[in-house]
Amino acid sequence: MAGLLLTVLSSGCTRNDGDIGDLFGWWTLDTLTADGAEQDLLSDEVLLYTFSFQTDIVQIQQTFPHADFMRWKGMWSRDEETLYLDFGHTDDAGGYYEPPVELHLIRGTTPLSILTLNGKRMHLRYKNSESGVTYDYYFSKVI
């Protein structure tokens, strides 16, 4: 586990283009619930999900054993009550920057209500308008 933490910390970002407040840095997704039922995100194959925020870029990292990982990039914006994660962009080859399916975020912009955001904890909520399912995302700050 120490090696995993070292990998996450060593690939961290620095501030660029101003202070984005408490959102800046690496956040570990501790728990994801769907209508109050905890979802099984972690396994022998998936060890960790982290989100990192800098300027207007969000990066989601899924970490596997042996320091292997996969990353997804998108854009973010926010107002006082909502964090918007935008995974609707494409690259030159036409590929979408889609978030991991297990996280129930949508291709395009996902509006997440900010219930808690401070220097240590973040709690976000998203209600899927098609399924009616409410997802709660509980994070703790790594760095």
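This is a predicted model: local features need pLDDT of at least 70, side-chain atom pairs count only at pLDDT 80 or more; totals for chains, interfaces and linings use all residues.
## Overall fold

The protein chain holds 1 helix and 9 strands. Along the sequence, the order is α-β-β-β-β-β-β-β-β-β.

Of the 143 residues in the protein chain, 41% are buried.

## Nonpolar core

The largest nonpolar core contains 31 residues. Phe 51, Phe 53, Leu 85, Leu 105 and Tyr 137 have the most contacts inside it. At least two residues each come from S1, S3, S4 (57–63), S5, S6 (82–86), S7 (109–117), S8 and S9. Strand S1 gives the most, with 4 residues.

Phe 51 shows how such a residue is surrounded. Beyond four places in sequence, Phe 51 touches Gly 25, Trp 26, Trp 27, Val 58, Gln 59, Ile 60, Leu 85, Leu 103, Leu 105 and Phe 139. Two of these partners, Leu 85 and Leu 105, are also named among the core residues with the most contacts. Phe 51 counts as buried because its relative accessibility is 2%, under the 20% limit.

## Aromatic pairs

A pair of aromatic rings is described by the distance of the centres and the angle of the planes. The whole structure has 3 aromatic pairs. One of them joins Phe 51 and Phe 139. Their centres lie 4.9 Å apart, with 75 degrees between the planes, and the pair is edge-to-face. This pair links distant parts of the chain. Phe 51 sits in strand S3 (residues 48–54) and Phe 139 in strand S9 (residues 134–141), 88 residues apart. Phe 139 is buried too, at 2% relative accessibility.

Another pair is formed by Phe 53 and Trp 76. The ring centres are 6.0 Å apart and the planes stand at 85 degrees, so this pair is edge-to-face; the angle limit for that class is over 60 degrees. Phe 53 belongs to strand S3 and Trp 76 to strand S5 (residues 69–78), so the pair ties together parts 23 residues apart in sequence. Phe 53 is buried at 1% relative accessibility. Trp 76 is buried as well, with a relative accessible area of 10%.

## Salt bridges

Side chains of opposite charge can pair when their charged atoms come close. The count here is 2 salt bridges.

Arg 121 bridges to Asp 30, with the closest N and O atoms 3.9 Å apart. That value falls within the 4 Å cut-off. The pair links distant parts of the chain: Arg 121 is in strand S8 and Asp 30 in strand S1, 91 residues apart. Arg 121 is partly exposed, at 47% relative accessible area. Asp 30 is partly exposed at 39%.

Arg 125 and Asp 136 form a salt bridge at 2.8 Å, N to O. Arg 125 lies in strand S8 and Asp 136 in strand S9, so the pair ties together parts 11 residues apart in sequence. Arg 125 is partly exposed, with a relative accessible area of 34%, whereas Asp 136 is buried at 7%.

Thr 33 is placed in strand S1 (residues 25–34). Thr 33 counts as buried because its relative accessibility is 8%. Its contacts beyond four places in sequence are Glu 38, Gln 39, Thr 134, Tyr 135, Asp 136 and Tyr 138. Asp 136 is the residue that pairs with Arg 125 in a salt bridge.

Asn 128 lies in the loop between strand S8 (121–127) and S9. Asn 128 is buried, at 14% relative accessibility. A polar atom of the Asn 128 side chain is 2.9 Å from the backbone nitrogen of Ser 131. Setting aside neighbours within four places in sequence, Asn 128 contacts Val 133 and Tyr 135.

Terms used:
Residues are numbered from 1 along each chain as its sequence is written. Side-chain values use heavy atoms; hydrogens and water are left out. Rings of Phe, Tyr and Trp (its six-membered ring) pair if their centres lie within 6.5 Å; planes under 30 degrees apart count as stacked, over 60 as edge-to-face and the rest as tilted. Buried means under 20% relative accessible area, exposed over 50%, partly exposed in between (1.4 Å probe, protein chains only). Contact means heavy atoms within 4.5 Å. A polar contact is a pair of N or O atoms within 3.5 Å; within protein, one must be able to donate a hydrogen and the other to accept it, and residues adjacent in sequence count only if both atoms are side-chain atoms. A nonpolar core is a set of buried Ala, Val, Leu, Ile, Met, Phe, Trp, Tyr and Cys residues joined through side-chain atoms within 4.5 Å. A salt bridge is a side-chain nitrogen of Lys or Arg within 4 Å of a carboxyl oxygen of Asp or Glu.
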